[in-house]
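We will go stop by stop.

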Amino acid sequence: RGTMAAPRLSHAVTDAIAEVLPSDDPLDRADFDPVAYINNHFPMEVSADRLDPFVADVNSQIATLDEEISRSVQAQAEAGERAARDITESKGAIGELYQKIKDIKSKAEQSELMVQEICRDIRQLDFAKRHLQTTITALKRLHMLVTAVDQLQMMTEHKHYKEAANLLDAAGQLLTHFELYKEVPKVKEISHTVDEIKARLTEEILQAFTRVGSLAQSSCDPEGFRDESAEAGDFASLTEACMVVDALGPDAARKQINAIVDDQLKPYRTLGEFKRGGDAASLDQIDRRFSWFRRTLREVETKFEKVFPQHWKVPHRFCIAFLAETKGHILELLGSGDPEVENVTLLLKALQKSLMFEKDMQMRFEGSLGEDMPDLDEAGNVIDPGSAEGIRRKYQRQQEKDAQQEAAQQQQQGGFAGEETSGVLTTAKALHAEQLSRIVGLLSSVFDPFMGPYIALEKSNMEDMLLKVIQEEQVEQDGALPVYTSSVQLFVYIKNAVKRCTALTAGQTFFKLHLEFKSTLATYVEILQKKMTQDKGENYERDVCYVVNTAEYCSETIPQLEELIKQKIAPAYRDRVDLGPQQELFFDVIAEAVRNLVAGLQAQMEPAFRSMASTNWGSHEMGDEESPYVRTVNLAALKYVPTCRTVLSSLYFRNFCDKFAAAFCPGFLNLVLKQKRISEEGTQQLLLDVYNLKRMMLELPRVGQEEDEPEFNVPLSYKKYVDKHMSKVERVLKLVGTPVVMLVEHFRMMWPEGGMRELQTVMALKGMKRTEQATVLETFGGRQMPAKTRAGDKTADEKAAQSVPAAPGPGAATAHHPPSASKAAGGEGTRHSAPPPATPAASASAAAAASVAAAAASAASFPASLPRPPVSFNAASLSKKAESTMKGVKGAMDDLSKMAFR
């Protein structure tokens, strides 16, 4: 009978039901399997007895579940009806609420219309009141403006300037209220009339002020001067004239001040003694110009101190105008090419007097001298701030500064006393805030392009000083490292030259002088280089070490000098100051000196290596100790290196050791490879020599160390470099001493990167014949017949020895070392505990291990192009061959044992 499949729920629904109604009953699982369920409860036939109780229990659960479902369906139906009633009631309530809100909104709109009707008349009345008040105020101000302009016009026509000044200020204030109506014809007409009156007053005031001022100059008390002959409308005093000028505005005040200053400078422009060719026109008479100005300034301040308003700054402006006029005179004189312009003494004195005058005037009018501007005495020399004169001047400047600040405070508290109108106050504030030209540099800057004689003098003095100290050269021992005294004195002179020059100028002249400093430093580099090329005396290495220290001192001092120059020089030249190339020159000197030290030590060892190269190692007999040339090399190092270690800094002593190692190790390897033939005993002797030389090289950085000094740790990079490169020599010598029968195998183990050429080199050193070499090369796997080794042929190690780069500089001791060779099998390439001759037991063991391989691999060692010999696996034949091979190996091992224990 067919059954209808039960509906399957989605995983999301199943998970949601399990989360809301968690249950452990298998009947509640979505993947319920009835067969598995029944098998679980009735696993055996005997369990069928429990079937009836189980069925009864299931029927009970079904009945209970049906009852629960029935109750749930009934409750859901009742809840649906109740929800429908609640929704209907809610809709009715919402409708009622909407109608009430609509009624309230309608009533609010009606209320708003009613309020607008009530307030409409009130708003109109408020606007009318406001407009009426504005109109009344504008009419009053317009009436006052028309009246003031009429009175101003009348007073101007009758030349009543004092009254006109007050009316002019009043008219100006009233016009500010009509800025928004300046396009109105009446207002525009009045404004035009006021401008015409101002122009007329400006012209008349200049003429009248000139007349009154010239009369007042003949009076002892210009403040109390009154022109009794002045008619109505003329100025009765200078104070009245100044007030009118201020009332005319800042532009009119500046015009009048410039006219006053020009009047005071007219005698200076017209006096013949200050013109070209006059008695006071030369550079040596420049102080007469300053004396004339001081006298004139004293007269102006005496007569007009309380006449001119303080905000006019007449003495200050007079000083600026005088300096500008004098600058033109001096520029004309300096550009004329007169002989006195080339006189550096006259030029410097004129510049020093100009600077002293500028600083005096700066302290007087600007109230400060400047932090980086030194004081000068009457002779133009820099005054030490810590001396009695320096302290006296410092307190004098402080007193003058305090007095000026007190006067400024009183003026500020008084609100520009005597200036009652806003127009005068506006002019006073504008002139008081005006930034005038700085006094220092106005005149002295004209000398800057013409300071060539001074620069030439400094350069000559610097060269003479350098020549003198070189002739009296000594070594300065007071510092951290001994250096030549010439370097210390050179930088002391440069520092003093900087101080002298910046006391005069910090612009173009100082920049050109700094170029001479660079040139002198380059010259000093050449001097240090010559010290290394002089006759190499007994203490040559000490002198070269002094050169290294001196160059190091100079390279460390140059950045400080550059920073000092950048602090002192004008900002326009600051970015162009660069002493980096000079510092690089001294670094080059250090590198060259270290190379010379290395070459000097090599020269000391050269006789020993010539002796080694001339030795016939093919017939050399084994000795009990190292060869004589090794002792000579050790003695040379013991004599040479302690001096370098004592004099040099640790940084450059390590650099010296690195470079010497980079030259010594490959050089010794190259020397070994150039030998014609090395015998077995010669190989053992050279291995012993290499062992001692490597020990010497590893102890080289400690040579000359005092007992009370802390122990010096040899750098790990240095140890690695020496180990790797001396291991190359040991590898070659071990291969040379290897029996021919094991040569190929040991070569592959000890020199895995080696090729046919390297193997040929080893065989050439062993003195093998060409036929023997051919057999070994065939075993090695080469296809090329060995050519006769020529003198020009070079192995890979020889090429590496000749192409070894210079040792790296400090801080990267092994950055440029040649790549190290691979270690030999079993660590033989890095063993240092004892000299490396092989023992008979080890040789016999190696021979026994290789005997069978030598017999069985002989067929496989032929190239593919040659016919293979037949391989027989006859046990008797193979046993005979192995026995014959063992006898040969045993004889060779006996010979080696005798040599090893001789």
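Select S650. S650 sits in helix α20. Helices (H or I, at least four residues) and strands (E, at least two) are DSSP runs, numbered from the N terminus. S650 and P701 are 51 residues apart along the chain, and 9.9 Å separates their C-alpha atoms.

A word on the ground rules. This is a predicted model, with residues numbered from 1 along each chain as its sequence is written. Local features need pLDDT of at least 70, side-chain atom pairs count only at pLDDT 80 or more, totals for chains, interfaces and linings use all residues, and side-chain values use heavy atoms, with hydrogens and water left out.

Next, colour by pLDDT, the predictor's confidence in each residue, from 0 to 100. The chain averages 76, and 75% of the residues score at least 70. Select residues 783–882: the pLDDT there is below 50, yet the model gives this stretch 122 contacts beyond near neighbours in sequence. A contact means heavy atoms within 4.5 Å. Then select residues 896–902. Here too pLDDT stays under 50, with nine contacts beyond four places in sequence.

Zoom out and show the cartoon. The chain has 28 helices and two strands. Of its 902 residues, 37% are buried. Take the contacts between residues at least 6 apart in sequence: 75% of them join residues at least 24 apart.

Now the core. A nonpolar core is a set of buried Ala, Val, Leu, Ile, Met, Phe, Trp, Tyr and Cys residues joined through side-chain atoms within 4.5 Å. The largest one has 177 residues, and F447 and F656 touch the most other members. Select residues 650–673, helix α20, which gives the most to this core: 14 residues. Centre on F656. Which residues does F656 touch, not counting those up to four places away in sequence? They are V594, L597, V598, L601, Y640, V641 and C644.

Move to the cysteines. A disulfide is a pair of cysteine sulfur atoms within 2.5 Å. The whole structure has zero disulfides. C545 is in none, and its nearest cysteine sulfur, that of C644, is 4.0 Å away. C545 is buried at 0% relative accessibility. Select C501 as well: its relative accessible area is 0%, so it also counts as buried.

On to the rings. Rings of Phe, Tyr and Trp (its six-membered ring) pair if their centres lie within 6.5 Å; planes under 30 degrees apart count as stacked, over 60 as edge-to-face and the rest as tilted. The whole structure holds 23 aromatic pairs. Select F609 and Y629, a tilted pair with 6.5 Å between centres and 50 degrees between planes. F609 belongs to helix α18 (residues 580–614) and Y629 to helix α19 (residues 628–647), so the pair ties together parts 20 residues apart in sequence. F609 is buried at 16% relative accessible area, and Y629 is buried at 4%. Then select Y268, F274, F290, W292, F293, F318, F322 and F357 together: they form one aromatic cluster.

Last stop: T683, in helix α21 (residues 680–698). Is T683 buried or exposed? T683 counts as buried, at 1% relative accessibility. Leaving aside neighbours within four places in sequence, T683 is in contact with I678, L733, V736 and G737.

Conventions: Buried < 20%, exposed > 50% of the residue type's maximum accessible area, 1.4 Å probe, protein only.
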